[in-house]
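Subject: Handing over the structure

Hi there,

Here is the structure I promised to pass on to you. Please open it alongside this email, and my notes on what turned up will follow below.

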Amino acid sequence: MAGKILNYYAGGNTARGFHNLYNSNLQGLDRLFILKGGPGTGKSSLMKKVGNEWMKRGFDIELLHCSSDNDSIDGVIIKGLNVGIVDGTAPHVIEPTAPGAIEEYINLGEAWDASKLKLKKDNILKISGKISESFQTAYSTFAEALKIHDEWEKIYINSMDFEKANDLTDSLIEKLFGKMRLHKKADVRHRFLGAATPKGAVDYVPNLTEDVAKRYFIKGRPGSGKSTMLKKLATAAEERGFDVEVYHCGFDPNSLDMVIVREIGFAIFDSTAPHEYFPSNSSDEIIDMYESLIAPGTDDIFAEDLADIAKRYKDKMTEATSFLTNAKALHDDLEEIYINAMDFGKVEEIQQKIQNEILKLAEK
């Protein structure tokens with residue numbers, strides 16, 4: 001029987017620049033292969049092939065998706081073997097903790113013809129510069145969108161009953177945990193459930209929650225306390241010794257979008273755009289923050305202001321995404337240069353070498 005795949009992001013293009021959560025998800029591995037090499041050298045394909053092989057063998061795997069290329073991954077973890085492979089190139093450079101003992105660098109540059117790349121040096125530098133410029137413009141534009149979002153939040157924050165918000169969170173913590181405690185240190189993983197990508201907002205909420213018995217869908221408006229509630233729930237889980245998956249917002253990583261505690265069997269997440277979902281299982285439950293905490297009539301009172309803010313925010317997000325799309329197109333051009341200089345037969349040999357090492361670990 002084939003294993004299962006868990007999909008998420010460990011890095012994101014955010015309003016605060018590229019945000020890196022890789023270390024949180026690679027911690028505790030017994031073996032980690034860190035791939036080095038330029039664009040188009042086959043890193044993503046290699047990781048997908050190795051991950052797929054072990055999934056067919058019945059092992060659950062985690063795919064760490066690439067926020068800058070919808071068709072690529074940045075890492076794969078084989079859970080049952082405690083082994084991972086990760087793209088260790090910028091912007092997610094991985095610093096080894098025990099080089100040789102745990103981490104091993106794999107240089108895919110061994111498979112390229114450097115003489116061909118030298119002939120394209122000026123073009124490589126030119127395209128690389130434009131890619132960097134596109135990302136920086138995207139980040140600054142997302143930052144402008146965040147300022148508009150703050151305006152949005154302020155309207156609801158000023159209409160919010162904070163005492164009720166605290167009571168709602170306290171009662172939910174009591175409902176979920178009761179007197180349960182585990183006498184161990186919690187394993188806390190920080191991730192993204194989705195990301196801003198060249199194709200717009202993408203998320204993996206259905207995949208991440210499909211095996212969870214109880215799902216809570218938080219509905220509400222910006223500034224209605226969704227992230228604050230999730231932060232308190234994550235802290236409560238950790239304090240009680242439960243392993244917890246903490247999913248940050250792909251737009252503002254200082255906010256949270258979801259918390260999953262699989263040892264109890266619940267997931268609670270911000271179920272508003274751009275990751276809006278509705279109950280589909282009999283056990284699913286909605287928590288409406290607007291109805292419970294915001295002064296009645298707030299939407300109507302501020303309708304004109306809210307419409308203006310929503311439009312400006314949407315326009316700015318669309319603009320920011322266009323720069324990610326441009327960066328992807330430039331990256332494709334750069335990949336083409338490297339692809340034409342690669343000996344993919346050698347890449348397959350490197351892949352087989354990694355596979356053989358993992359086989360040895362599995363036999364142990």
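In which helix is aspartate 332 found? Aspartate 332 sits in helix H10, which covers residues 303-339. Please keep in mind as you read on that this is a predicted model.

Along the chain, aspartate 332 and glycine 88 are 244 residues apart, and their C-alpha atoms are separated by 19 Å.

**The whole chain**

Stepping back, the protein has 11 helices and 16 strands. For 364 residues, a compact globule would have a radius of gyration near 21 Å, and the 22 Å of the protein agrees with that. If you are setting up a box, the C-alpha atoms fill one of roughly 70 × 50 × 35 Å along the principal axes.

Of the 364 residues, 52% count as buried. The accessible surface comes to about 17500 Å², and carbon and sulfur atoms account for 51% of that surface. As for contacts between residues at least 6 apart in sequence, 80% of them join residues at least 24 apart.

**Two helix pairs**

Two packed helices are described by the angle between their axes and the distance between the axes. I have two pairs to show you in those terms.

The crossing of H2 and H11 is right-handed. On the H2 side, the residues that meet H11 are Leu46, Lys49, Val50, Glu53 and Trp54. Facing them in H11 are Val347, Ile350, Gln351, Ile354, Gln355, Ile358, Leu359 and Ala362. By class, this contact of H2 with H11 holds 9 nonpolar, 2 polar and 2 charged residues.

The other pair is helix H5 (residues 162-177) with helix H7 (residues 226-239). Here the axes come within 10 Å and cross at roughly 35°. H5 passes H7 in a right-handed crossing. H5 contributes Asn166, Leu168, Thr169, Leu172, Ile173, Leu176 and Phe177 to the contact, while H7 contributes Met229, Lys232, Leu233, Ala236 and Ala237. Sorted by class, the residues of the contact of H5 with H7 are 9 nonpolar, 2 polar and 1 charged.

Helix H5 also holds aspartate 170. Aspartate 170 and glycine 220 lie 50 residues apart in sequence, with 18 Å from C-alpha to C-alpha.

**Backbone points to check**

Most residues other than glycine have a negative phi, and most peptide bonds are trans.

The peptide bond from alanine 90 to proline 91 is cis, with omega near 10°. Proline 91 belongs to the loop between strand S7 (83-87) and strand S8 (103-107). Another cis peptide bond runs from alanine 273 to proline 274, again with omega near 10°. Proline 274 lies in the loop between strand S15 (266-270) and strand S16 (285-288).

Asparagine 82 has a phi near 60°, a positive value in a residue other than glycine. You will find asparagine 82 in the loop between strand S6 (73-78) and S7. Its relative accessibility is 25%, so asparagine 82 counts as partly exposed.

**Two more residues**

Proline 99 is found in the loop between S7 and S8, the loop that also holds proline 91. Is proline 99 buried or exposed? Proline 99 is exposed, because its relative accessible area is 60% and the limit is 50%. Proline 99 and leucine 32 are 67 residues apart in sequence and 9.5 Å apart in space, C-alpha to C-alpha.

Lastly, serine 132 has its place in helix H4 (residues 121-157). Serine 132 is partly exposed, with a relative accessible area of 40%. The C-alpha atoms of serine 132 and alanine 327 are separated by 7.8 Å, although the two residues are 195 apart along the chain.

Notes
Residues numbered from 1 in each chain as written. Predicted model: local features only at pLDDT ≥ 70, side-chain atom pairs only at ≥ 80, totals over all residues. Heavy atoms only, no water. Axes fitted to C-alpha atoms, helices over the stretch in contact; angles between N-to-C directions. Helix = DSSP H or I, 4+ residues; strand = E, 2+ residues; numbered from the N terminus. Left-handed = near helix turned anticlockwise from the far one by under 90°. Contact = heavy atoms within 4.5 Å. Nonpolar A, V, L, I, M, F, W, Y, C, P; charged D, E, K, R; others polar. Rg over C-alpha atoms; globule rule 2.2 N^0.38 Å. Buried < 20%, exposed > 50% of the residue type's maximum accessible area, 1.4 Å probe, protein only. Areas by Shrake-Rupley, 256 points an atom, 1.4 Å probe, with all protein chains shown as cover.
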